[in-house]
Amino acid sequence: MISFIISLLALIIGYCVYGAFVDKVFGPDPARLTPSVTKADGVDFIPMPTWKVFMIQFLNIAGTGPIFGAIMGAKFGPSAYLWIVFGCIFAGAVHDYLSGMVSIRKDGTGLPEIIGEYLGGTTKKVMLAFSVLLLVMVGAVFVYSPAVILKDVAGNGTNTAMMIWVAVIFIYYIIATMLPIDKIIGKIYPVFAVALIFMAIALMVGLFIKWPTIPEFWQGLANRGPSVGVTGQPILPCLFITIACGAISGFHATQSPMMARCLKNETLGRPVFYGAMITEGMVALVWAAISSYFFFDGGAAEVGAELSASAPVIVTKISTAWLGVAGGILAMLGVVAAPITSGDTALRGARLIVADAFHMEQKTNRSRLIICIPIFVIAALILWYNIADANGFNTIWKYFGWANQSLSIFTLWALTVFLRRERKGMYYIITLIPAMFMTAICTTYIFIDKTCLGLDPKFSFPVALGTALISFVLFLIWNSKEDKKSLS
């Protein structure tokens with residue numbers, strides 16, 4: 001528990017110190033008009049109260065990522081805490097903040113447009129297709145996971161009950177994606193946010209009351225997965241793919257521009273973008289600690305579950321056992337609301353990205369419907385596979401995790417180019433180092449994962465180090481060319 005407390009305090013200090021530093025590097029201008037004012041359209045560009053924008057951003061980026069990802073990542077041991085803390089402060093929050101702030105400076109433009117401006121037209125086209133596919137995949141995954149929970153909590157546990165919940169959630173997605181952002185999202189998200197925050201706080205209190213004997217930093221950072229039946233997954237790179245949303249997630253950069261269209265002032269970017277990511281890191285820490293208790297200190301036996309239980313089952317068992325019926329319902333509302341709210345904004349983000357790419361106005365229902373129909377058809381097909389295949393969720397989640405982290409690579413490199421061209425001195429290092437690291441992680445995953453090249457895990461470190469060095473050398477070559485252009 002000491003390691004958990006240290007990690008929690010580190011996140012708070014990170015927001016206060018490093019968050020302020022990153023904010024200063026960007027230099028928000030309080031006198032500059034934001035897109036919510038200059039491009040107000042009553043649908044997507046709408047000035048909203050800061051607390052609402054924060055709540056929406058938090059729920060958009062949260063989903064089941066900091067919960068399910070942390071549960072699966074806890075099997076690696078206390079090294080999961082370190083990744084959540086350092087990843088969140090120095091990579092994820094920087095990634096979310098700068099992608100949102102650059103979007104504000106670029107009139108609320110979406111991620112592919114930002115990547116295209118700084119990494120080139122070809123990369124823009126690739127990222128357009130890649131990001132839309134990722135967002136549709138998120139929408140499908142975040143229909144399935146809450147439906148699994150709801151069928152047990154508010155249904156009879158049968159497949160028929162799950163299919164009913166799938167249909168209900170999917171219909172909600174269609175409505176929320178089509179309507180102006182302040183009609184549904186702006187009204188019900190604060191309620192869901194309160195439920196999610198309550199869930200995290202209530203379970204954290206439960207942790208302090210129980211004070212379980214869970215693995216600490218000084219007991220070793222080696223992979224503890226084999227002790228709970230997880231083999232063939234080296235910490236490098238698998239931990240960094242498994243825990244994404246609680247540390248860094250490319251998906252977040254598709255959501256930040258959505259909120260960039262609703263902020264009233266640039267100075268509000270730090271509490272909204274950087275702050276929401278730190279808050280998500282805290283949620284991930286809570287679930288990582290609870291899961292450590294579940295896997296390594298008899299928690300599974302206490303709540304009547306198997307060590308091999310799926311993440312949704314662990315969530316259900318822990319919430320009900322620790323918080324009773326009333327508390328369990330509120331906690332489950334938070335866990336269920338998080339993926340649903342991320343799913344609908346993921347599909348909304350896909351609509352906005354396609355609209356930006358093809359310069360299609362979004363004021364009329366007809367123009368929104370033209371884009372939404374193919375998006376929902378693709379999401380439905382992915383969802384059908386997810387349900388038809390017994391291992392569908394794990395398969396989709398694996399591809400989602402890799403694609404998610406790959407998108408963060410392109411975002412971080414684009415932000416590095418932005419900082420370099422804005423002549424911010426050597427401050428571009430705040431995104432350069434995370435960009436190199438994530439490039440190394442995703443490349444290594446391709447080499448190690450059995451569904452890809454399937455090399456021996458002992459090559460993971462050399463591959464990661466080599467990829468990081470190559471990416472650094474390529475950046476130095478590009479930087480040298482930029483210096484020559486400046487001199488000429």
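User: Is histidine 359 buried or exposed?
Analyst: This is a predicted model, in which local features need pLDDT of at least 70 and side-chain atom pairs count only at pLDDT 80 or more, while totals for chains, interfaces and linings use all residues. Residues are numbered from 1 along each chain as its sequence is written, and side-chain values use heavy atoms, leaving out hydrogens and water. Buried means under 20% relative accessible area, exposed over 50% and partly exposed in between, with a 1.4 Å probe and protein chains only. Histidine 359 has a relative accessible area of 72%, so this residue is exposed.

User: What is omega for the cis peptide bond at proline 237?
Analyst: Proline 237 itself is found in helix α10. The cis bond joins this proline to leucine 236, and omega is about 15°.

User: How many aromatic pairs does a search of the whole structure find?
Analyst: Here, rings of Phe, Tyr and Trp (its six-membered ring) pair if their centres lie within 6.5 Å; planes under 30 degrees apart count as stacked, over 60 as edge-to-face and the rest as tilted. Searching the whole structure gives a count of 23 aromatic pairs.

User: What is the angle between the planes of phenylalanine 54 and phenylalanine 58?
Analyst: Both residues lie in helix α3 (residues 50-62), and being 4 residues apart puts them about one turn of the helix from each other. Phenylalanine 58 has 1% relative accessibility and therefore counts as buried. The two rings are stacked, with 6.4 Å centre to centre and an angle between the planes of 10°.

User: How many residues apart are tyrosine 81 and phenylalanine 217?
Analyst: These two rings form an edge-to-face pair, 6.0 Å centre to centre with 80° between the planes. Tyrosine 81 is buried because its relative accessible area is 1%. The pair links distant parts of the chain: tyrosine 81 lies in helix α5 (residues 79-105) and phenylalanine 217 in the loop between α9 (185-210) and α10 (235-242), a separation of 136 residues.

User: Which residues is isoleucine 371 in contact with, leaving aside neighbours within four places in sequence?
Analyst: Isoleucine 371 is in helix α15 (residues 365-388), and at 4% relative accessibility it counts as buried. Contact means heavy atoms within 4.5 Å. With those sequence neighbours set aside, the contacts of isoleucine 371 are Arg351, Val354, Ala355, Met360 and Gln362.

User: What separates the C-alpha atoms of isoleucine 371 and methionine 360?
Analyst: Methionine 360 belongs to the contact list of isoleucine 371. Along the chain the two are 11 residues apart, and their C-alpha atoms are separated by 9.2 Å.

Note on methods: Helices (H or I, at least four residues) and strands (E, at least two) are DSSP runs, numbered from the N terminus.
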